Every structure is written in structure tokens, then in C-alpha cells.
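At each stop you will hear what to select and what to look for.

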Amino acid sequence: MAQVTLPDDWAAATGGTRVLEITADDFRDLRLRLTEQWPDLGVLLDRCAVAIDGQIYQDAFMEALEPDSEVFFMPRIEGG
Amino acid sequence: MAEAVDYKQIGSRPVRPDGLDKVTGRAQFGADTVLPNMIHGKVLRSPHAHAKLLSIDVSGALALPGVFAAISGADFPGGGIEGEVGGEGGGTLDDVAKNVMARDKVLYHGHAVAAVAAATPMLAEAALAAIKVEYEPLAPVLDVLEAMAPDATLVDENNYTKLPEKPEHPSNVANQGRLERGNIEEGFAAADVVVEREFKCPMAHQGYIEPQACVASIDEQGRGTVWCSTQGHFEFRAATSKMLGKNLADLKFVPKEIGGGFGGKTVVYLEPLAVMLSEKSGRPVKMALNREEVFRATGPASASVARIKVGAKRDGTITAAHAWIAYEAGAFEGAPYMPGAMAIFAPYQLENFLVETFDVLVNKPKVAAYRAPGAPQSMHAFECALDEIAQLLDTDPIDLRLHNAADEGTQSPYGPKFPPIGFKACLEAAKAHRNYLAPVPEGAGRGVAAGFWFNVGLQSSAEVHINENGTVMVIEGSPDIGGSRASMCLMAAETLGIEYEHVRAQVADTDSTGFCNVTGGSRTTFATGMAVTRACEDVIAECKKRAAMTWGLDEDQVEWEDGQAIPGPGVNADVKPLSLANLAGKAAKTGGPIQGRASLNAQGAGASFSVNFGDLRVDQETGKVDVLSYTAVQDAGKAIHPAYVEGQMQGGAAQGLGWALNEEYIFNDQGVLENPGFLDYRIPVCSDLPMIDTAIVEVANPSHPYGVRGVGETPIVAPLAVATNAVSRAIDKRVGELPLSPPNLLDVIDGDE
């Protein structure tokens, strides 16, 4: 199962859950499972970047997840 | 570390294709567009830093001969505008629209309240004087700490800190961020030495030489063209169309040559006004800011207050770090509070840390991105504290950093584990550099600091057209700020296997190529370069197909090598290789013109780390600082055009040293900027700086076909702390407040610490 870490300030939407394990084949699947569990996460998920196994995606969609993938959600970065 | 790869074109240093036009004055910048019947737009700006707008009457201006149009906030479509502007400091489009033209309140001195278009610039100025505006002045809030006080004057009465649960009362804190790992109390308890300091960075401008400028020509159907100075014409088109309620497809945006941006030209100021004035007047309208307007009304970098506490063991291991940083956002939310939080500890392996950051409204211009937004301020604090730790432990500051350095597999403070990174390689290169091995000059101090930026990919498009003679035209949509056309040509030449001289690149307008995000975030060589590379691979696939057709072979029996199609290994064909020129010359018989294209959302931008050091001397009587030598070491992944990479490193060092030594916005107690010009806002000139030495480290980014990491942002991060650390060592007192200007330094030298 992929280990998923959510930002600290999402705790209100998840009832305090910050780290969880989810079985998902790809990011879309993961997103679906997260929003099924916590519908309020939908807007937050669309506004953030995600790192899957160290690779940062500003606009993830169908990226594959391995059974032992590490997933971190984080603010989007752009720069000057 | 990834193995170095030798390329034929990449890594060479051809003369920049735009260089001759720029040095001879032929290059066309934002203000150079001239059209028949063109008139001139000007902006009326608020004389108050904070006031209610009671009424605006533009009839006096419209009554003047030669005045064609006058507008105010009432002319803009009502209702909220959905969407956000790219780049840190961009914020919401709704806020940017209110920054472009004030509505019911003015929020800083210089805030636009009305605009006119007239036959000449002088007539336009006269028309501004005929506009009547009634204000109800309010007390301004100008200091970030005062703005955070519970009883502070509110910049925006409707601003509630964005927290999971809406606060009971509004405040000037728009956003706050927090990153935490481990237990800092336990970490500090385990420390043998602890440093605790407060650091301040002033509001500082990007200092681009070309002020914002544009020309808009809109027809009676509301359709037309905008020529402008921009880091991202697609996003300028999107912002302008949304603010004015127009169909995006009705506007064409043409990027002119750009005289610097550094993040400051990622947001619109003039374009929506010029479009509206042109539509109302039925004439093309030129608008250009003067330098004073650039300072008063465009976005600088945030001022900040940072409180830092760092603990370490005697062996140099950092046991805990706590940072509290308040960033000034200016009049609207959008300070880079999260990038600052995510960057501050990024170069290091820390088990226990806490970062708290704040995005705070004040009655000053809305901040904008400026190279690595948020990181110079936050990392200045930590890198200075590390230097003091090194002094307390009597250890070399590079050794201290090496002892704690992040490497491949280290979990970054913002979550993911780092893929291959070059921080240790930069530290080792710096330590071995001849300038570091040289003794510190008498009376000087040597400062060392690290820099970091995440880098991004985002969306890019490119087309590659093969001309009839086999030469190549690259069409892309990323405005060329730092030499990207040459880099695109080099990557195209390398991929196709031809000489650089056979490739040209053009930055196309919004009607002529696919969408590209802004040139920013150090993304263009990485992401648009990836698109160009893929477009060239598209060309190669087509060329192999044409060659196979010519030879009567299957496509998979043909290979591409050194710019020509050849039969693959083991293929028995008595044929001569077909070059790009051969194939292009016969294209009419094999299916028509040859071209390739690619559009992508580039992922996997590799972080770029740097290590800078410099020797600075302080005149103890006057407080003047001289930079005796300065060396920048940075990981570029792979330097496509090393001279451009060195230029980025040198430019960022110069800007960072300027921010450290003299640059600052000076406001009076009414919020009026008192130094809105380069005479009093002191950016470094050539005589202020030595030649900046550079050393490029190349730890390839595995996500890019040529290993590229963006290099534009990171160079500005380290210089602030290099300067502070060098000066602190030179005067044997720790300095906390930038700039290190003579009066500020004399206060420290003469003080009691």
C-alpha cells in the first residue's frame, strides 16, 4: 500500500489524520479514494502539488503508484 | 553522482542570437511598438497609502480636446473573478484586478484609481489633473509586526486568516504556514550550543531596467492585439481577458524583447487598462510606466522579519531548528510564505525542526515574485545562524554544512526524499576552489552560505520546422529572458545531430504556437527544452519514415545518426546516408514539409543547490562595505550554454549583494515611498562589485533528456547571508538587519552588543 502524507493544515478536513496507507494503482485512483473518505479534500487536492517517490508533479493525473510508493502533498511552487 | 556525458553542441558557447540586435539598439522592446493613429495612456495614482474612494469624476478629463477615453474602477466588470495568477506573489485574479485599478479603497500610495488616453503623453498628463477624486484618508499600517498586532488597523476589513476554522475576527494575516518534524524541545535539550537571533530583510525591487510597457489595438468588435513586455504572454492574455470579461480568443498577445523581469513581469499592470482604453477610443493605445511608477506601483519582494533558533552538538550535528518568519504581502495576499518555509532547511538533514510563516497585509505595493521568492529571506536567517554556530564550534563553515548536508535519499523538509542532488558536490567544489584556499585579506571577513530552489516544469509547447535546405526553425512560446533561444537551438542541434548554426529559434505570439506557462521558476530551459527535444525526436521519426520510403525499407530498418538517416545494423542496403538537407529537398515527393511538434506538462524539475562565499571589508569609520571577491558555485544538472549559466549565477549574485548591501524601500510614516528612483534606491553598479567567479557543478537531473536543472532562481538566495556573515566576521559582531548600508552598520559598530 502507498504511504500517503497530507499537509498539517488539512487536519481539519481529515479529522486529524495526516499519514495513511492506501491501495491505489495510480494518482487518479488515489485521489478518488481520498475524496470518498473526505469530500472536503477535493478542492485542496486540486490546488496542490504532489510528490510520488521523490518526483514532484505540479499537475498529477494518471501517474502510476507502486505498492510501496511514498506520496506527499505539498503547496505548488512556481517562482520568478 | 551521474556520469558526465560529452555532447557535440550542448556545453558549447555560441554567440547569443539576439545579442547584436540588443547592443545596436535594433531589438524591439515593449515601448518600441508604434502604430498609425496611436494615442497614449496614463494612470492617475492615489496620493494616500490607505483611503476610502468616495467618488471619481472623469468628465473633466473627457472634456479636454485630444482626450479620447477615461476609465476608473467602475468601468471594470463587477463580480469576483475566478482563477489565480502564475508565480509567487501572483495571488488571485480578483485581487490582481483590484491592484490594476482600485475599486472602493486605495491600499497603497501609488495605487491606480483612473486612466486616460490622449493624443500625446503631455495631454494625457493634463487630463489626469482634470479628474476629480474624493478620498477619505485612513491610517496606514506599514510595519509587518504592527500589522500582526490584535488591534492593528485593517488593510482589508474582510480578510480572515485562512485557517481550517474561520477566525472570529478579521486581521491582517492572510495566510500562515507550518512545517514540523520531530521534537524541537528534545533537540534543543540535546544541543551543546544554541544560537537565537532576529533577522530583517527590507522590501526590495527586482530592478529590471525596462519599465512595464505595452501597446493595445482593439477593434470595434472588441478583438485585437497587445504588444507587451512580459514573462508570459499566454498568462497575460488569460488575465486580461478574465478581468475585462472578454473572450480569450479575441486577444492576441505578442511578446516583445524583455529588458529584465526576474519574476516582476509575471503579473499584469497596464495591459487591461490599455485594452479598455483602446476599445473605448477606437485607437491603438500605448502605455509605459516611468521609473517612479515602477517603484511605487509594481510588485517588489517581501520585507520580512525572521526569528531563528538553532542548536547543535559539538561535532557539528544540528539537533534542532525553529524559525518564525513574517512576510509582508503588500496590499493583497500573496507573500511567498510557503516557499520560504519549504526552502529554509532544504539543504540539510534535520531530525527536529519547526517553521512557522505568515503572509501579512500592509499598505504597501502588492509584492510579486523575485527570483526564488521567499527563499532569500528565510535562508538568510538560517544560514547566518549556521555561521555563528560554526564560529562557536570553531569549525570551518563549509565543513559544518557538509556534516549536515542533504543528499540523494534525504527526506526533504517539505516531504519527499530527494532524487540525485548536487549540494554536497557544490560544498566540495567550493572548499577546493582556489578562492577558498586563499587567505582572507586583512581587515576582511569571509562569508559562506548555501542556496536552494525547487525549480518547476509546467506546460510548454514547441514546433520544429525543417526548411527546404535542411536548416531548422524552432518555434516556441517562452519569452527569452536569459538566453533561452540559444539554449533551444543547442538542444535542437544536439538532438537532430546537426550544427548549431543551422538552427534558428523564434518566440511566437499567442496565435502562432501552443500554450506556454510563464518564463519563470527556472523552468524554460528544462521544460520548453524538453518540448523542443521531443519535437526534434518527432522530426527524426518522420525523417526515418521518409528515408525508409526512399530506400524501400521498413521504418524500423532505419536509424538516425549524426544528422542523417542510415540503414540500421544488419540491414543489407546499398544506399547513401540521407541528411536532413537531402530529406528536406525531396520532401515534396515523400509527403510534403517535414515538421515535428510537442506539447507537454514537464514533470521532474530537479532542485538546484548552490554554495557561495565572498570576502568583504568594512570601513569602520564610514560603514562602507567593499566586496573584495565573490565566488558562486551551483549545480546546473547540465549547462546547455555554460556562459548563460554563469551569467545567471553572476546576475543573481549581483542582485543578492545589492539586496544585502544597500537596496531598501524607504517609506515615510504616511506610507509614501521616499526613494522611488535608482539614485536613491541603490542597486549595485559595475564599480561596486568585483568579477563574480563561478564554478558550475553538473549532477544530472535524471528527469531531463540532457540532465538540465533550472538555474535562474537559486543564485539570489545565498548572497544575502554571504554578505551578512562576511561583515559580521569582519567587524566581530553579528549583524541581523539588512541592508548592510553605512548608517545601519555604523549603528552596529558603535553599538553595545
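Start where chain A and chain B meet: select the 19 residues of chain A and the 34 residues of chain B that make the contact. Keep in mind that you are looking at a predicted model. Between them the two chains bury about 2,100 Å², with 57% of that area on carbon and sulfur atoms. Now pick out Ile77(A), Glu78(A) and Gly80(A): these supply 33% of the area that chain A buries against chain B, more than any other three residues.

**Stop 1: a helix in chain A**

Stay in chain A and select helix 2, residues 27–37. Which residues here are buried? They are Phe27(A), Asp29(A), Leu30(A), Leu34(A) and Thr35(A). Show the neighbours too, and you will find these buried residues packing against strand 1 (2–5), strand 2 (19–22), helix 3 (41–46), strand 3 (48–52) and strand 5 (70–75) of chain A. Then zoom in on the start of helix 2 of chain A, where a side-chain oxygen of Asp26(A) comes to within 3.2 Å of the backbone nitrogen of Arg28(A).

**Stop 2: two helices that cross**

Two packed helices are described by the angle between their axes and the distance between the axes. Show the side chains where they meet: Leu93(B), Val96(B), Ala97(B) and Val100(B) come from helix 3 of chain B, while Ala239(B), Lys242(B) and Met243(B) come from helix 7 of chain B. Sorted by type, the residues of this contact are six nonpolar, no polar and one charged.

**Stop 3: an enclosed helix**

Next, select helix 8 of chain B, residues 271–281. Nine of its 11 residues are buried, so helix 8 of chain B is largely enclosed by the rest of the structure. Colour the buried ones, among them Leu273(B), Ala274(B), Val275(B), Met276(B) and Leu277(B). Just past the end of helix 8 of chain B, click on Gly282(B), which has a positive phi of about 75 degrees.

**Stop 4: a buried lysine and a buried histidine**

Go to Lys105(B), in strand 4 (residues 105–106) of chain B. Is Lys105(B) buried or exposed? With a relative accessible area of 11%, Lys105(B) is buried. Its side chain makes a polar contact of 2.9 Å with the side chain of His50(B), and the Lys105(B) side chain also reaches the backbone oxygen of Val155(B) at 3.0 Å. Beyond its neighbours within four places in sequence, Lys105(B) is in contact with residues including Leu53(B), His111(B), Leu138(B) and Glu157(B).

Now move to His40(B), which sits in strand 1 (residues 39–45) of chain B. His40(B) counts as buried, at 18% relative accessibility. Once neighbours within four places in sequence are set aside, its contacts include Val116(B), Thr120(B), Pro121(B), Val285(B) and Lys286(B).

**Stop 5**

Most residues other than glycine have a negative phi, and most peptide bonds are trans.

- Select Asn37(B), in the loop between helix 1 (19–24) and strand 1 of chain B. Its phi is near 65 degrees, a positive value in a residue other than glycine, and Asn37(B) is exposed, with a relative accessible area of 55%.
- Select Asp394(B), in the loop between helix 11 (375–393) and helix 12 (397–404) of chain B. Asp394(B) has a positive phi of about 55 degrees although it is not a glycine, and at 72% relative accessibility it counts as exposed.
- Select Leu738(B) and Pro739(B), which are joined by a cis peptide bond with omega of about 0 degrees. Pro739(B) is in the loop between helix 20 (718–731) and helix 21 of chain B.

What touches Leu738(B) and Pro739(B)? Asn744(B) does, not counting residues up to four places away in sequence. You will find Asn744(B) in helix 21 (residues 742–750) of chain B, partly exposed with a relative accessible area of 22%. To finish, draw a distance line between the C-alpha atoms of Asn744(B) and Asn662(B): these residues are 82 residues apart along the chain, and the atoms are separated by 9.8 Å.

Methods: Residues numbered from 1 in each chain as written. Chains lettered and ligands numbered in written order. Predicted model: local features only at pLDDT ≥ 70, side-chain atom pairs only at ≥ 80, totals over all residues. Heavy atoms only, no water. Contact = heavy atoms within 4.5 Å. Helix = DSSP H or I, 4+ residues; strand = E, 2+ residues; numbered from the N terminus. Nonpolar A, V, L, I, M, F, W, Y, C, P; charged D, E, K, R; others polar. Buried < 20%, exposed > 50% of the residue type's maximum accessible area, 1.4 Å probe, protein only. Polar contact = N/O pair within 3.5 Å; in protein donor to acceptor, adjacent residues only side chain to side chain. Buried area = accessible area lost by both parts, 1.4 Å probe.
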